[in-house]
Amino acid sequence: MQMFYLIYGPGAVLIVGVEAVALLVTVTASAWVLIITLEVFAPRDAGLLSETAMLTGFVGAVSAAVIILFAIVFYAVREASRAEALAELEFQRSESLLLSILPAAVADRLKTRPDRVIADRHDEASILFADMAGYTAVSDHASPDDLVSFVNEVFTTFDRLVERHGLEKIKTSGDSYMVVSGVPIARPDHAAALVTLGIDMLHEARNMHDPHGRGVSLRIGIASGPVVAGVVGMKKFFYDVWGDAVNVASRMESTGIAGRIQISPTTYEAVKGRFEFERRDGVEIKGKGLMTTWLLK
């Protein structure tokens with residue numbers, strides 16, 4: 001009979017959980033006392049059962065206790081394995097989310113030193129801004145669902161191109177799309193890589209249509225130069241880049257021509273032997289005055 005008290009301890013853990021430690025200790029200690037008490041003080045044979053009946057009862061008690069203990073442990077271990085698998089899935093999901101916000105190299109640094117400011121200077125980098133011409137008119141007359149679906153389709157397509165070219169998307173703002181090359185990992189072809197990306201973006205845009213059925217036309221601007229990159233914010237933090245080259249790249253886009261790629265003088269010097277351009281003189285650039293730029297043919 002005392003064999004059945006073996007299951008009280010693990011049974012209590014299964015039913016109550018591990019939080020009520022005092023209760024679990026009390027139940028387990030009581031079971032232990034009952035087992036010892038019955039073994040010491042209860043008679044083994046009162047003469048009421050035969051040897052066969054006693055042996056059968058003993059075998060039945062031990063078998064039942066073993067089966068119940070096995071079931072309890074099996075259930076607990078299975079639940080622990082499921083919880084571990086779920087935790088691993090959530091970890092992978094959080095990792096994927098983090099990598100969708102930050103470059104992999106920056107994410108690794110943030111995880112190892114979360115209290116450290118992440119800020120780096122990159123002497124050779126290029127920045128691309130892309131903007132959809134006529135977006136304001138589209139947003140004013142399209143339904144919210146159609147507008148969001150359209151922008152999502154465009155930016156998702158661009159995201160795939162950025163990943164294919166091994167570049168870093170920095171952010172979107174309205175219909176503006178920003179990509180950087182040479183950050184956070186330096187690369188000698190940072191300017192050419194962005195020009196190539198811009199060509200692919202223009203090609204993909206020609207196959208898209210806005211909610212009114214009109215074609216998508218992009219203005220793309222690219223500039224090169226030193227930048228500072230880092231992670232800012234504590235809530236909804238993001239990875240961003242700053243510098244004169246970023247401002248110039250934004251001006252290259254805003255003063256550009258729909259369906260064309262306009263680049264700054266520094267970018268032109270880096271790629272002039274690899275692509276064909278046409279010179280554009282006297283472009284008024286805010287904060288810079290008149291500037292000579294180049295349009296990709």
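Lys and Arg count here as positive and Asp and Glu as negative, while His and the chain ends are not counted. The place of each charge is taken as NZ of Lys, CZ of Arg, CG of Asp or CD of Glu. With these conventions, the protein has 28 positive and 35 negative side chains, and the centres of the two sets are 7 Å apart. The model is a predicted one, in which local features need pLDDT of at least 70 and side-chain atom pairs count only at pLDDT 80 or more, whereas totals for chains, interfaces and linings use all residues. Residues are numbered from 1 along each chain as its sequence is written, and side-chain values use heavy atoms, with hydrogens and water left out.

To begin with the overall architecture, the protein contains 9 helices and 8 strands; these are DSSP runs numbered from the N terminus, with helices being H or I of at least four residues and strands E of at least two. The radius of gyration is 35 Å, well over the 19 Å that the globule rule gives for 297 residues, so the protein is more spread out than a compact globule. Here the radius is taken over C-alpha atoms, and the rule is 2.2 Å times the number of residues to the power 0.38. The C-alpha trace spans about 115 × 45 × 30 Å along its principal axes.

Of the 297 residues, 35% count as buried, meaning under 20% relative accessible area, with exposed being over 50% and partly exposed in between (1.4 Å probe, protein chains only).

The interior can be described through its nonpolar cores, which are sets of buried Ala, Val, Leu, Ile, Met, Phe, Trp, Tyr and Cys residues joined through side-chain atoms within 4.5 Å. The largest has 39 residues, and Met-201, Leu-218 and Ile-220 have the most contacts inside it. Helix 7 (residues 190-205) gives this core its largest share, 9 residues. Apart from this core lies another, of 27 residues, including Ala-125 and Met-252.

Ala-125 sits in strand 1 (residues 119-132) and is buried, with a relative accessible area of 0%. Beyond its neighbours within four places in sequence, Ala-125 contacts Ser-181, Val-183, His-190, Ala-223, Ser-224, Gly-225 and Val-227. One of these partners, Val-183, is joined to Pro-184 by a cis peptide bond with omega near -5 degrees. Most peptide bonds, by contrast, are trans. Pro-184 belongs to the loop between strand 3 (176-181) and helix 7.

Another buried residue is Ser-264, at 2% relative accessible area, in the loop between strand 6 (260-263) and helix 9 (265-271). Its contacts, leaving aside neighbours within four places in sequence, are Ile-222, Ala-223, Ser-224, Val-248 and Met-252.

Some pairs show how far the chain reaches. Ala-125 and Ser-50 are 75 residues apart along the chain, and their C-alpha atoms are separated by 93 Å. Glu-90, in helix 3 (residues 51-101), is partly exposed at 37% relative accessibility; Glu-90 and Leu-14 are 76 residues apart in sequence and 25 Å apart in space, C-alpha to C-alpha.

How values were computed:
Contact = heavy atoms within 4.5 Å.
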